Amino acid sequence: MLHVGGARTAVFNWLLARKHGGVFVLRIEDTDRERSTDAARDAILNSLTWLGLDWDEGPFYQSERVQRHAEAALELLEGGHAYRCFCTAGELAAERAAAQAARRSYVYSGRCRALPPETAAARAAAGEPFTIRFKVPPGRTEWDDAVHGRTGFDNEQIGDFIVLRSDGGPIYNLAAAVDDLDMGITHVIRGDDHISNTPRQILIYRALGAEPPRFAHVPLLFGPDKQKLSKRHGAQSVEEFREMGYLPQALVNFLALLGWSPGDDREVMNLRELVEAFSLERITGKSAIFETAKLEWLNGQHLARLSPAELALAVTPWIVGAGLAGEAELAEREAWFRELLEVLRPRARLLPDFVTLGRPYFRIPIEYRDDAVARFWSDPVAARGLLGDLREALASLPDLDDKAAVEARVREVAGARNVDFSTVVHPLRVALTGMRVSPGIFDVLRAMGKDLALSRIDDAIAFLERRSAARAGAT
RNA sequence: GGUCCCAUCGUCUAGUGGCCUAGGACGCUGGCCUCUCACGCCGGAAACGAGGGUUCGAGUCCCUCUGGGACCA
């Protein structure tokens, strides 16, 4: 699964590559065999594709390159940048305990570093297990981080670290550096949590005779409680946002704005505009809280910017999925469907809103909501009478397409009954939609069509009659 | 515990020494539009963590503290 945090770093990487005509390389760092199932990898690929973040090379899987990583460790060994370490787990634990007792941070003592190479080779040949450790030189390792500026660590703080396990498996830092090198990576944008790995990777790069890439460490995302984003905070994967009915461009837009801004007041931007405005230097070093309120608003903004065709394409699966209509039916009534979408559009923020809002316009039963009934049909007898008049007025029209003509009729009904316009509109709205909110009533009538509208009024009248009968019986 | 990173409205952010009586957006809120809701438009409340410096002048530079976080243990 692709976490929103991971998606955000993907967005930054993609934006940078597209901005400068670079190559976006997709590499899956799946060294954690347990969690890296085929399904998990596919989910990541699918999410990236859905977001519109296409890659130029890959996907490469780190787990398939262990052979190469082991070779690099050997190269380090031969070049004198690494050595075999025969320390046992017990010895290492003792060192660690001593450091802890002295309230020092633990770094390997470098004991095996002093072993003459011939001795080490002989012991290895004799079958004694060993790890390969990087020989960290004295000094300090620094780099110009694109978001944090000059950043660095004292090398003695790092200590000779393992690059290859005794079972021949590579340590992450070795794998990452070697892969970056082999894949010609020039820019690495990743989470802040990798900062302390960076000096080790830089050291490996240099030992391998290469200059490290440019690093940009973006701060992590947190939940509203300022805790690391987790299940508790609700949706956290791209897939979940897709299922909730967010548009990919809205999610990308939102993610891009978390820790980056174009420098002016623009906020609603599509992929093209984001690429045009992007720059690594404008990423902030401050961690951001992932709150969805603004994302919802952004989704509405992107919904508003979709062409009619794009909107129909995005909404159709939801309408079909909810069983309001079949795909064939929507295709057949395309002009009508698009017109319906237009009146619903400003009222929708998420894709499923079209299902809720759009239900009354399809020939399926609707429910009358309690709040609507209580508010506008409180007197069932009066409401029934009004609806009877309205039915008659509407039935006299050839169709309900001419909003002005329909309005004139409805106003006549209000005039005849000597009541306000709104007094007739609200009960009518409940009859047609079951709800107390909807698009303008004449848009509703036009979108619904004469037949369905009259049948909805008939249903309402029947409902109201049952209601009055029940009420009479109760008294 | 060690090292490193961070610190402007509730949230996302603009701000790179004077343009800041701190700007925008979401959210909240008052109003307009109006057949309801939404959209849209107009208005409001709301922030530079604290203390020291440097400077004619600091949100902006330096130091300390405080707070948050990451990694390692």
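Across the whole of this predicted model, a search turns up 13 aromatic pairs. Take F254 and F290: their ring centres sit 5.6 Å apart with the planes at 75°, so this pair counts as edge-to-face. It ties together distant parts of the chain, since F254 belongs to helix α10 while F290 lies in the loop between β11 (288-289) and α12, 36 residues apart. Both F254 and F290 are buried. They also belong to one aromatic cluster, along with F241 and Y246.

Another pair, Y368 with W377, comes out as tilted, at 5.0 Å centre to centre and 55° between the planes. Y368 has a relative accessible area of 15%, so it is buried; W377 is buried too, with a value of 2%.

Back to α10, where F254 also takes part in helix packing. The axes of α10 (residues 248-256) and α12 (residues 293-305) come within 9 Å and cross at roughly 135°, which means that α10 is oblique to α12. The crossing is right-handed. On the α10 side the contact involves Q249, A250, L251, N253 and F254, and these meet K294, L295, L298, N299 and H302 of α12. By type, the contact residues split into five nonpolar, four polar and one charged.

Elsewhere, G52 turns up in the loop between α2 (38-51) and β2 (57-61). With 28% relative accessibility, G52 counts as partly exposed. Leaving aside residues up to four places away in sequence, G52 touches W14 and L271.

Methods. Residues numbered from 1 in each chain as written. Chains lettered and ligands numbered in written order. Predicted model: local features only at pLDDT ≥ 70, side-chain atom pairs only at ≥ 80, totals over all residues. Heavy atoms only, no water. Axes fitted to C-alpha atoms, helices over the stretch in contact; angles between N-to-C directions. Helix = DSSP H or I, 4+ residues; strand = E, 2+ residues; numbered from the N terminus. Parallel < 35°, antiparallel > 145°, perpendicular 65-115°, else oblique. Left-handed = near helix turned anticlockwise from the far one by under 90°. Contact = heavy atoms within 4.5 Å. Nonpolar A, V, L, I, M, F, W, Y, C, P; charged D, E, K, R; others polar. Buried < 20%, exposed > 50% of the residue type's maximum accessible area, 1.4 Å probe, protein only. Phe/Tyr/Trp six-rings, centres within 6.5 Å; stacked < 30°, edge-to-face > 60°.
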